[in-house]
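Here is a short report on one protein model. It covers helix packing first, then domains, loops and backbone details.

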Amino acid sequence: MTLLTTTHRIAPGLLSWPAWEALRSAPKVLAGVADHPQLAALRAAGVEPQVVERGSAPALARRLLAEAPALWLESPDGDPGLTDALARIAVEEAGEHPEIEVLPGSYDLPGARLLDLVAVMDRLRSPGGCPWDAEQTHRSLVKYLVEEAFELVEAIEEDDRETLREELGDVLLQVFFHSRIAEEDAADPFSIDDVAGDLVDKLMYRHPHVFGDVSVSGSAETEANWEQLKAAEKQRESVLDGVPAGLPALAYAAKLVSRVRRAEFTGVPDAPYELPAELTAESAGQLLLAIAQRGYDRGVDVDAALRAAARRYRAAVRSAEGLPEE
């Protein structure tokens, strides 16, 4: 008895050579669902599967052993419980049934589960899907994108790997959600494949030391090349073009400083680094900018540093209140 496993994440008919040999030589090919994605490809190749009633896993196991020698084409849902039922029979009734072989006919490639995410998003946005998902727009989702990004940052800073995995998924959802919405645009539609394709082209273009014949001596030179290629690609006039003004204030200042430093621009002096006699809105802003400048020079992420200090302050306040740490 041969159990042929496949994946629905590749095109029907793309099976391994041993799988095709087993299919053509099997006395009987059995399948449990009439709309199995592989059936059309098998019939086109001269293999005529017989569709049988699956029933419960123990009942199906008995049916397959009774049909042996035969080949069972695994159902798209993986036939839950079937292998366990067959293994139980093989142990309890050793020697009474033919040998059972599991033959992988196709494998998922890395990233294959992203195809499932495409299908799920399409289902949610299509008629009969989720009313809330169907109503969303690029603008209505902005707040969720920002929230998920900050939750991801928090998971990273707290070294919480379980939450990190979850939050990466939430951020990925936003990318797929926006891409699915973009498909419906009447004037300029694009899909997740377009997004991914553009990203691949960008990464290859900006990594000539990996995909081309450029040589670099280290990460600093790599970063300099990246910025130079990026500026040429986007036809930027200023070293600060492209810095999003919507960043949180301290992160915005740090990003501006980063751009200025990497461009080795010296046309504007640094802000003074001292506590002013009178703290006003202007002098406080200048002091924070000075901290961002000195922080960059010393390899300090001032935005992350402030969040860490704020968390320590919060913990100290809760401790003084007699409350446990969260």
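## Helix packing

α12 and α14 are roughly antiparallel to each other, because angles over 145 degrees count as roughly antiparallel, angles under 35 as roughly parallel, 65 to 115 as roughly perpendicular, and the rest as oblique. Helix α12 covers residues 249–262, and its axis comes within 8 Å of the α14 axis, with a crossing of roughly 150°. Axes here are lines fitted to C-alpha atoms, for helices over the stretch in contact, and angles run from 0 to 180 degrees between N-to-C directions. Helices are DSSP runs (H or I, at least four residues), strands are DSSP runs too (E, at least two), and both are numbered from the N terminus.

This is a predicted model, in which local features need pLDDT of at least 70, side-chain atom pairs count only at pLDDT 80 or more, and totals for chains, interfaces and linings use all residues. Residues are numbered from 1 along each chain as its sequence is written, and side-chain values use heavy atoms, with hydrogens and water left out.

Which residues make the contact between α12 and α14? From α12 come L250, A251 and A254, and from α14 come V302, D303 and L306. Contact means heavy atoms within 4.5 Å. By class, 5 of the residues in the contact of α12 with α14 are nonpolar, none is polar and 1 is charged. Nonpolar covers Ala, Val, Leu, Ile, Met, Phe, Trp, Tyr, Cys and Pro; charged covers Asp, Glu, Lys and Arg; the others, Gly among them, are polar.

D303 counts as buried, at 17% relative accessibility. Buried means under 20% relative accessible area, exposed means over 50%, and partly exposed is in between (1.4 Å probe, protein chains only). Leaving aside residues up to four places away in sequence, D303 touches L250 and A251.

Now α8, starting with its contact to α7. Helix α7 (residues 142–157) and helix α8 (residues 161–183) have axes that come within 9 Å and cross at roughly 155°. α7 and α8 are therefore roughly antiparallel to each other. On the α7 side, the contact is made by Y144, L145, E148, A149, E151, L152, A155 and I156. On the α8 side, T163, L164, E167, L168, D170, V171 and Q174 take part. The contact of α7 with α8 has 9 nonpolar, 2 polar and 4 charged residues. The crossing of α7 past α8 is left-handed. A crossing is left-handed if the near helix is turned anticlockwise from the far one by less than a right angle, and right-handed if clockwise.

Helix α5 (residues 113–125) also packs on α8, at an angle of about 55°, with the axes 10 Å apart. That makes α5 oblique to α8. α5 passes α8 in a right-handed crossing. L114, L117, V118, M121, D122 and R125 of α5 meet L172, L173, F176, F177, R180 and I181 of α8. This contact of α5 with α8 divides into 9 nonpolar, no polar and 3 charged residues.

## Domains

The protein chain is divided into domain 1 (2–106) and domain 2 (244–325). These bounds come from an automatic or database domain assignment. The centres of domain 1 and domain 2, taken over C-alpha atoms, are 62 Å apart.

## Loops and backbone

| Pair | Apart in sequence | C-alpha to C-alpha |
|---|---|---|
| A245 and L256 | 11 residues | 9.9 Å |
| T137 and A182 | 45 residues | 9.0 Å |

A245 sits in the loop between α11 (219–234) and α12. A245 is exposed, with a relative accessible area of 62%. T137 is in the loop between α6 (131–135) and α7. At 39% relative accessibility, T137 is partly exposed.

Most residues other than glycine have a negative phi, and most peptide bonds are trans. Some places here depart from that pattern. D79 is not a glycine, yet has a positive phi of about 50°. D79 lies in the loop between β4 and α4 (82–92). Is D79 buried or exposed? It is buried, at 6% relative accessibility.

D159 also has a positive phi, near 55°, and is a residue other than glycine. Its place is the loop between α7 and α8. D159 counts as exposed, at 63% relative accessibility.

A cis peptide bond joins A68 and P69, with omega about 5°. P69 is found in the loop between α3 (57–67) and β4 (71–73).
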